[in-house]
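Colleague: I would like to learn how to read a model feature by feature. Could you take me through one?

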Amino acid sequence: MTINTLSGRFLILTTIFVVLAEILILVPAITNFREDYLLTRLERAQIASLALLTTDQMIEPDLEQELLNNAGVYNVVLRRDAARQLVLSSPIPSPIAATFDLRYSTFPGSIRDAMSELFATQNQIIRVVGEPVQRGGQVIEVTLATGPMRMQMIEYGLRLLALSAMVSGATAVLLFLAVRRLMVVPMKRVIAHITAYAEAPDDARRIIEPEARVVELREAEDALASMQRQLTAAFKQRERLAQLGQAVAKVSHDLRNILTTAQLLADRMEGSDDPAVKRAAPKLINSISRAVNLCETTLAFGKAEEPPPVLSRFPLNGLVQEVAESERLAADAAQIDFVTDVAPNIVIRADREQMYRVLSNLVRNARQAIEATGGPGTIEIGAGEEPEGWWIRVQDTGPGLPERAKENLFRPFSGGVKKGGTGLGLAISAELVRGHGGRLELVKSDEHGTEFKLHLPEALDIGLMERSA
């Protein structure tokens, strides 16, 4: 579990990166150690040879061997002026395997030589050439064995690795604690606040109070606090609206029953012989009908969801003629012409009842808009096929929609056009069309009339239907 945490992975990555850095440092360090080792052997050999050059007498073999052992070499060759002189010598156990001239060595070449000697498996004899210190000659050469040098290189590398491991471990732990204190703990605090808020989003006491010192975390906490405040306000508003909706639904239900009774009485009054009653009865009936329709649409919109469409294939022309005939009867004496332009062979795949409600709402709105002008008008219903499905157009020659209605066209209780209207008809129609995976749009609306167009897809978009529900 620690590996899967942010702090645990940061600890592992830090350790890996520190070890890689130490390895990159180890290679040049061993290379420098080798070069220092060879230079030290050259200096010791030069000191031993200069001590012999001050006397003309031969030294004892034992003393010569002791000097060579102290210098860590087998023989010493010193060139002073033009003469090359073998100053100290002893038997070489094996032939010379390689010669290294430190005067012309390069750093990449030194690294290559150091690594080859470090991983060599046999003890070899090498010749080392360098410049004498303090101008003690022109060139000094020594022969020595690589075995002791390799052992010291390994010991030095192990000590350096041990030190690096301690440094990397301490660095990783310190970084782990720092990251945990500066990042992980504040992030856990944010997560705890999110979890607590999710349990009761309507409780304003669970909104986070930003207090992080890291700029990025503070910005995240500020954004979270702002979002939580907005959600809490939205939940409270939703609760109030739900309560209001329940109250409106109850009132609308009872009012509808009352108005239904009044409508029956008004129908009887229409048959009266009293001229005054005959003149008032139609207006009374229209007013009661509008009130009943308002109650019914309010109750329909107050439902939790519209039922999903029951798809079937049916001729569109028959549905359009049915809607037009129904609205033609309701047009009374108004001079409204209903024009249908739907080919008889167009068969659509949709819910017939829901499509009737959609077209009825659009045509009724067009009829009422023309009636409000007191003049004649035309309502045209057209349809056609397109590659993706079908389109249906409802167009009228009414006065057009006001700007406020255009801005809130498909929003319930906001897009009403006529006086006393609620705007539920268009909102419900748009929702029913979305349930089919299609869309309802306003094509135009000006002083010459209004045109709505709805698009129905050939294949039902289940995702759109679920979102509309």
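Modeller: We will go from the whole chain to helices, sheets and single residues.

Colleague: What kind of model is this, and how many helices and strands does the chain have?

Modeller: The model is predicted. Start with the inventory. The chain has 11 helices and 12 strands. Then look at burial: 36% of the 469 residues count as buried. The accessible surface is about 27,800 Å², and carbon and sulfur atoms hold 57% of that.

Colleague: Among contacts between residues at least 6 apart in sequence, what share joins residues at least 24 apart?

Modeller: That share is 67%.

Colleague: Which residues does UniProt list as "transmembrane region"?

Modeller: Treat a record as a record, then check the model against it. The UniProt entry, which is unreviewed, lists residues 12-31 and 156-179. In the model, residues 12-31 are 100% helix and 0% strand, with end C-alpha atoms 29 Å apart. Residues 156-179 are also 100% helix and 0% strand. Their end C-alpha atoms lie 34 Å apart.

Colleague: Thr31 sits in helix 1. Is Thr31 buried or exposed?

Modeller: Read the relative accessible area against the cut-off; buried means under 20%. Thr31 is at 1%, so Thr31 is buried. Helix 1 spans residues 6-53. Then ask what touches the residue, leaving aside neighbours within four places in sequence. For Thr31 the contacts are Ser110, Ile111 and Ala114.

Colleague: How many aromatic pairs does the structure hold?

Modeller: The structure holds 1 aromatic pair. Read the distance and the plane angle together. Phe33 and Tyr156 lie 4.8 Å apart, centre to centre, with 10 degrees between the planes, and the pair is stacked. Phe33 is in helix 1 and Tyr156 is in helix 4 (residues 146-199), so the pair ties together parts 123 residues apart in sequence.

Colleague: On to strands. How many residues of strand 5 are buried?

Modeller: In strand 5 (residues 139-145), 7 of 7 residues are buried.

Colleague: Which strands pair with strand 5, and in what sense?

Modeller: Count the bridges and note the direction. Strand 1 (residues 75-80) pairs with strand 5 in the antiparallel sense over 5 bridges. Arg79 has Val139 of strand 5 as its bridge partner.

Colleague: What is the strand order in the open sheet of 5 strands?

Modeller: The order is 7-9-10-12-11, with mixed pairing. Find the edges next. They are strand 7 (336-341) and strand 11 (439-446), each pairing on one side only. The twist averages 15 degrees from one strand to the next. Strand 7 and strand 9 (residues 377-386) run parallel and are joined by 6 bridges. In that pairing, Ile336 has Gly377 of strand 9 as its bridge partner.

Colleague: Which helices pack on this sheet?

Modeller: Helix 7 (residues 316-330) packs on the sheet and touches strand 7, strand 9 and strand 10 (389-396). The direction of helix 7 makes about 175 degrees with that of strand 7. Helix 8 (residues 352-373) also packs on the sheet. Helix 8 touches strands 7, 9, 10, 11 and 12, and its direction makes about 150 degrees with that of strand 9.

Terms used
Residues are numbered from 1 along each chain as its sequence is written. This is a predicted model: local features need pLDDT of at least 70, side-chain atom pairs count only at pLDDT 80 or more; totals for chains, interfaces and linings use all residues. Side-chain values use heavy atoms; hydrogens and water are left out. Helices (H or I, at least four residues) and strands (E, at least two) are DSSP runs, numbered from the N terminus. Buried means under 20% relative accessible area, exposed over 50%, partly exposed in between (1.4 Å probe, protein chains only). Contact means heavy atoms within 4.5 Å. Two strands pair if DSSP finds at least two bridges between them. Axes are lines fitted to C-alpha atoms, for helices over the stretch in contact, and angles run from 0 to 180 degrees between N-to-C directions. UniProt positions are given in the numbering used here, feature names are shortened, and annotations may be inferred rather than shown by experiment. Accessible areas come from the Shrake-Rupley method with a 1.4 Å probe; for residues, only the protein chains shown count as cover. Rings of Phe, Tyr and Trp (its six-membered ring) pair if their centres lie within 6.5 Å; planes under 30 degrees apart count as stacked, over 60 as edge-to-face and the rest as tilted.
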